[in-house]
Structure formats: C-alpha cells, structure tokens
Amino acid sequence: MGFLKDMRAFKELADAAPRPGLRATLRDGLATAGQVTADAHRAQHLVHNGLVGSATITSIRDTGTTINEHPLVELGLQISLDGRAPYAVSHTQLINRLAVGGFTPGATVPVRVDPADPTSVLVA
C-alpha cells in the first residue's frame with residue numbers, strides 16, 4: 001500500500017508545482033511509473049497463466065529509454081508454441097543490462113504467451 005500512497009503524494013506534488021514545465025515533468029514521471037506498474041502486473045499474470053513457448057529473436061532495437069540502468073528494447077520475435085503455427089510479433093520489454101549480450105538476432109529465448117492474446121508476450 002505504501003507504493004500507492006507514494007503515487008498519490010507524487011500526483012499532489014505535480015498538481016501543486018508552481019512552474020508549468022515542472023508540472024509537465026512531474027506528470028510525465030507519474031505516467032511512466034503507472035506504465036511500469038501496469039507492465040509488472042501483466043508480467044506477473046503471464047508468469048502464472050501464460051503458455052510456455054520459445055521465440056527466435058529476428059531483430060532488436062534500442063528504444064533509447066532506460067529504467068534503473070536497464071534498457072527498454074523492441075524485439076522482433078518468431079514465437080513457437082506447441083500445437084500452433086509459428087507467428088511473428090513485435091515486443092517491447094526491459095532487459096537486464098547484464099543479459100543484453102544474449103539478445104541477438106538468431107538467439108532463442110523462453111517466452112510466456114497470454115492464451116487470450118497471442119501478441120501479449122513475456123520474454124522469461
């Protein structure tokens with residue numbers, strides 16, 4: 001509950017910011033924090049409910065965004081699930097900076113796929 005309390009305090013600070021530029025910067029930070037929280041909930045859902053599969057990385061692109069020194073990358077993936085035809089998706093995810101070297105075109109990585117939405121993927 002502390003995280004949500006901190007988010008409310010941050011929003012109040014953003015609303016009370018005296019300069020328009022500062023207000024926009026604080027609101028952008030709040031939006032980013034909200035997106036990170038939503039991504040964490042989606043990842044947790046996929047870990048528990050996702051179909052286990054593998055993916056071949058077909059492309060990788062740095063988005064220019066880092067969070068806690070970990071890059072946010074856009075991956076082109078060829079997903080393979082048992083009993084289904086392989087299919088391609090574009091997926092954006094934070095990658096641990098120590099593991100980035102293993103994410104190269106041609107590499108195979110484990111994935112979890114949402115059974116209700118095959119484009120919702122977690123590289124595990």
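Residues are numbered from 1 along each chain as its sequence is written. The model is predicted, so local features need a pLDDT of at least 70 and side-chain atom pairs count only at pLDDT 80 or more, while totals for chains, interfaces and linings use all residues, and side-chain values use heavy atoms, with hydrogens and water left out.

Let's start with confidence. pLDDT is the predictor's confidence in each residue, from 0 to 100. The protein chain averages 80, and 69% of its residues score at least 70. Among the elements, which are DSSP runs numbered from the N terminus (helices, H or I, of at least four residues; strands, E, of at least two), helix H1, residues 2-16, has the lowest mean pLDDT at 55. The highest, 95, belongs to strand S4, residues 108-114. Where pLDDT is low, the predicted coordinates should not be read in detail.

Now to the strands, where pairing means that DSSP finds at least two bridges between them. S1 (residues 51-67) pairs with S2 (residues 70-80) in the antiparallel sense over 11 bridges. Within that pair, isoleucine 57 stands opposite leucine 77 of S2. The two strands form a hairpin with 2 residues between them, and asparagine 68 in the turn has a positive phi of about 55°.

S2 is also antiparallel to S3, residues 87-94, with 8 bridges joining them. Here leucine 75 has histidine 91 in S3 as its bridge partner. This hairpin has 6 residues between its strands, and glycine 83 in the turn shows a positive phi of about 80°.

Let's stop at two residues. Leaving out residues up to four places away in sequence, glycine 53 touches Ser80, Leu81, Val109, Pro110 and Val111, where contact means heavy atoms within 4.5 Å.

Over in S3 sits glutamine 93, which is buried because its relative accessible area is 12%. Its side chain and that of histidine 91 are joined by a polar contact of 2.7 Å.

Thanks, everyone!

Conventions:
Buried means under 20% relative accessible area, exposed over 50%, partly exposed in between (1.4 Å probe, protein chains only). A polar contact is a pair of N or O atoms within 3.5 Å; within protein, one must be able to donate a hydrogen and the other to accept it, and residues adjacent in sequence count only if both atoms are side-chain atoms.
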